[in-house]
Amino acid sequence: MSCRMVQVDAFTDRPFAGNPAAVCILAQPAPHPWMQAVAREMNLSETAFLHPEGQAYRLRWFTPTTEVELCGHATLASAHVLWEDGHLPADQTARFHTLSGPLAARRSGEGIEMDFPALPPEPAAAPPGLAAALGANAVAIARSRFDYLIELESAAQIRNLQPDFSRLRNIPARGIIVTARADTPEYDFISRFFAPAAGVDEDPVTGSAHCSLGPYWSARLGKTELAAYQASARGGSLRLTLHHQRIALWGKAVTVLHAQLLA
């Protein structure tokens, strides 16, 4: 099976920053083992596969090792490709059927706004080995549908964190979000995201993690509109707006590679 592959850097306005995702738009469903093999070959944090389904697209996301239930940056990348390659008119909303229910994306100013489920985290006890794996003590710990969310004391601590990924791999969750209040005026909070259990030691910019970060910081700061920065080596920024049980995630995307998959 062959398809056109497009690699997009998401949550950034410049190449080689943000979070890279590969996007493959198919005419019909593909076998799960083939999609997993392609994602392993691409070796990015996420590869997205789409095919038309009714008036929308079926969208699935794969890390190099597993299929995941929700992914923000590869959804942003997918919508970007649908418009850029002419699959959808520029003024039409991109609609997706996913393992996390219906999602949508629309062009908004110079970026893309996505409609995602809000996943508020609840206070939780620390899982065994967490402090040793992170090399830091938590100010607060919460658990969302997918991940643990750990608040640390400062933005500097977030940036300087050097976790033990072999230990983090044993934490019973998709991933570990670490976060703190921002120390610069343009952002409300910063974060990093580690998911070695899902085959990604550190994800550069994680849209789905902000489905939990948004409600968490909204409650702490008393705001429904937030600016966020994910402080990975590549770095990326998002704007968030809370709407009851939904959250709008806004970011930019840049195409960096076109290729033809032959196998």
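Me: Which residues does D13 touch, not counting those up to four places away in sequence?
Reply: With residues up to four places away in sequence set aside, D13 touches K252 and V254. Contact means heavy atoms within 4.5 Å, so both pairs meet that limit. Please keep in mind that this is a predicted model: local features need pLDDT of at least 70, side-chain atom pairs count only at pLDDT 80 or more, and totals for chains, interfaces and linings use all residues. Numbering starts from 1 along each chain as its sequence is written, and side-chain values use heavy atoms, leaving out hydrogens and water.

Me: How far apart are D13 and K252 in sequence and in space?
Reply: They are 239 residues apart in sequence, yet 5.6 Å apart in space, C-alpha to C-alpha. D13 itself is in the loop between β1 (3-10) and β2 (19-25); strands are DSSP runs of E, at least two residues long, and helices are runs of H or I, at least four, numbered from the N terminus.

Me: What makes a set of residues a nonpolar core, and which have the most contacts inside the largest one?
Reply: The set must be buried Ala, Val, Leu, Ile, Met, Phe, Trp, Tyr and Cys residues joined through side-chain atoms within 4.5 Å. The largest such core has 55 residues, and W61 and F96 have the most contacts inside it. Helix α2 (residues 73-84) gives the most to this core, seven residues. Beyond four places in sequence, the contacts of F96 include L50, Y57, L82 and L103. A second, separate core of 20 residues includes I141, I150, I171 and A180.

Me: What makes a space a cavity, and how many of 30 Å³ or more are there?
Reply: On a 1 Å grid over the protein atoms alone, a cavity is a set of points where a 1.4 Å probe fits but cannot get out; lining residues have an atom within 4 Å of a point. The count is two of 30 Å³ or more. Of its 17 lining residues, E46, R174, F193, D203 and T206 are closest to its centre. The second largest cavity has a volume of about 40 Å³, and its lining includes R174 and I171.

Key
On a 1 Å grid over the protein atoms alone, a cavity is a set of points where a 1.4 Å probe fits but cannot get out, and a pocket is an open set with protein on both sides within 12 Å along at least five of seven lines; lining residues have an atom within 4 Å of a point. Grid points are joined across faces, edges and corners, and a volume is the space filled by probe spheres set on the points. Buried means under 20% relative accessible area, exposed over 50%, partly exposed in between (1.4 Å probe, protein chains only).
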